[in-house]
Amino acid sequence: MARRSRMTTLQERKEIAERSAIGQTDAQIAQAMGISIATVRKWRRKQKDGKDPPVSRMGRPPTGPLSTFPVPVREAIRQMRQAHPGWGPQTIYLELEKDTDLREYPFPSPSRIAAFLKQEGLTRKYVRRSPLPQPNQGPPHRVHQEWEVDAQGAVPIPSLGKVSVIHVIDSFSRVIAASIAYPKVSHPSRKHYQQALRQAFICFGLPERVSVDHDTVFYDNVSSSPFPTQAHLWLIALGVEVRFITKPPPQEHSRIERLHQTMTRQALLGQTFANRASLQKALDERRQFLNERYPSRSLGGKAPLQAYPEARHTGRLYDPAQEEELLDMERVYRYLAQHCWFRRVSAQGQFSLGDQMYYLGREFARQEVEIRFDPQSRELICRTGDGQEKRLPIRGLTKADLMGESPLRFSMSAYQLPLPLPPVDQESRLIPPQGVL
């Protein structure tokens, strides 16, 4: 008679599997080993289905995500995530379907896979989001309330190679404030954008705000709580607000997208230029033509400056020789004080903010800190979730840091530059506009 109420040993469970493998029935195995048929059936099925290893678990069966799924499925999910940390639940689910070794098993849904990954500690650490403050989102209703700023994709030009052109256009009046060419540049840098904007400021003065896309010159795309770039803070210091578009062109920035095409047809298509100066001269001439003479259907058949003669200047003068005096750092301090940032401290006690590396201390290692700016002391206030706090002097926030390359130093009228214009650097010059706008 089979013995009851006795726990089988690991060796006996292995023997059950071996006898079953050679074709013995449950009854034959029970009789040979002196155990009940139910016990034989239980361990034979568990080991055949792969639901559990041949060991006993005391108490209630395990609970939690995927506890009812076979061990090979759970292990496959765990191994996939460890080998590919970037794979999400949906990707893992689709990869399970491809695995021929797992076809006989049922698969969990992506949501259950997500719950399992969380239970196993295999989820990515959550990083809190904190978007940059934005100015009023309403459409402009007066001249020079908002300028659209964007770089056209590099255009191949004979003798000059690929050329990028940075355009600036007033959203309300359609007046083109600047079209500055940069040969052999595929992705304009901060230096190029500042040069182009300075040229627009010289001709038309300072606008109320500019709108830009999420180019890395103006926006930190690698962080969920971005710190404003130095180009962004430079504009803030000049009293120019910065608005980031929230919809892709042509839903937003439709005017400057059309301007890219218009200027290509008007000044670049089918043309050759001896050097950058001749290319820039052509762009300036076509810009003046489009502003003063070319009729626009949206403006009732008038050119922009015919429809809006008040758009000849914003009324806010800009002089590159006095840019340092125009920069008001209190504007920057007030702007930064509105915001906060979240950063995870490295094992060495460091974190990065605004292209600057800060040392917080090893006691903060691997913790997330909330960072705020104190406009009075000009320090970063770093706090952890448990209340630890430390202050650090902010870096990269002087006028020289924001200005970058020194602006041109020369006297000028409000509307026209004297000639000749000094070079900005060896590879490019800012070419003055031809004629008075």
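Two strands pair if DSSP finds at least two bridges between them. Strands (E, at least two residues) and helices (H or I, at least four) are DSSP runs, numbered from the N terminus. The model is predicted: local features need pLDDT of at least 70, side-chain atom pairs count only at pLDDT 80 or more, and totals for chains, interfaces and linings use all residues. Residues are numbered from 1 along each chain as its sequence is written, and side-chain values use heavy atoms, with hydrogens and water left out.

**Stop 1: the sheet**

Select Phe342, then Glu370 in strand 9, which is its bridge partner. Strand 6 and strand 9 run antiparallel and are joined by 5 bridges. Now show the whole open sheet: 4 strands in the order 6-9-10-11, with antiparallel pairing. Strand 6 (340-344) and strand 11 (389-393) are the edges, each pairing on one side only. From one strand to the next, the twist averages 30 degrees (axes are lines fitted to C-alpha atoms, for helices over the stretch in contact, and angles run from 0 to 180 degrees between N-to-C directions).

**Stop 2: aromatic rings**

Rings of Phe, Tyr and Trp (its six-membered ring) pair if their centres lie within 6.5 Å; planes under 30 degrees apart count as stacked, over 60 as edge-to-face and the rest as tilted. By this rule there are 10 aromatic pairs. Select Tyr333 and Phe373, a tilted pair with 5.9 Å between centres and 35 degrees between planes. Tyr333 belongs to helix 13 (residues 329-337) and Phe373 to strand 9 (residues 368-374), so the pair ties together parts that are 40 residues apart in sequence. Both Tyr333 and Phe373 are buried (under 20% relative accessible area, with exposed over 50% and partly exposed in between; 1.4 Å probe, protein chains only). Next select Trp147, Phe201, Trp234 and Tyr318, a cluster linked by ring pairs.

**Stop 3: the nonpolar cores**

A nonpolar core is a set of buried Ala, Val, Leu, Ile, Met, Phe, Trp, Tyr and Cys residues joined through side-chain atoms within 4.5 Å. The largest has 64 residues, of which Phe201, Phe218, Leu235, Val332, Leu336 and Leu397 touch the most other members. Helix 7 (residues 190-204) gives the largest share of this core, 8 residues. Apart from this core lies another, of 19 residues, among them Ile256, Leu268, Phe289 and Leu290.
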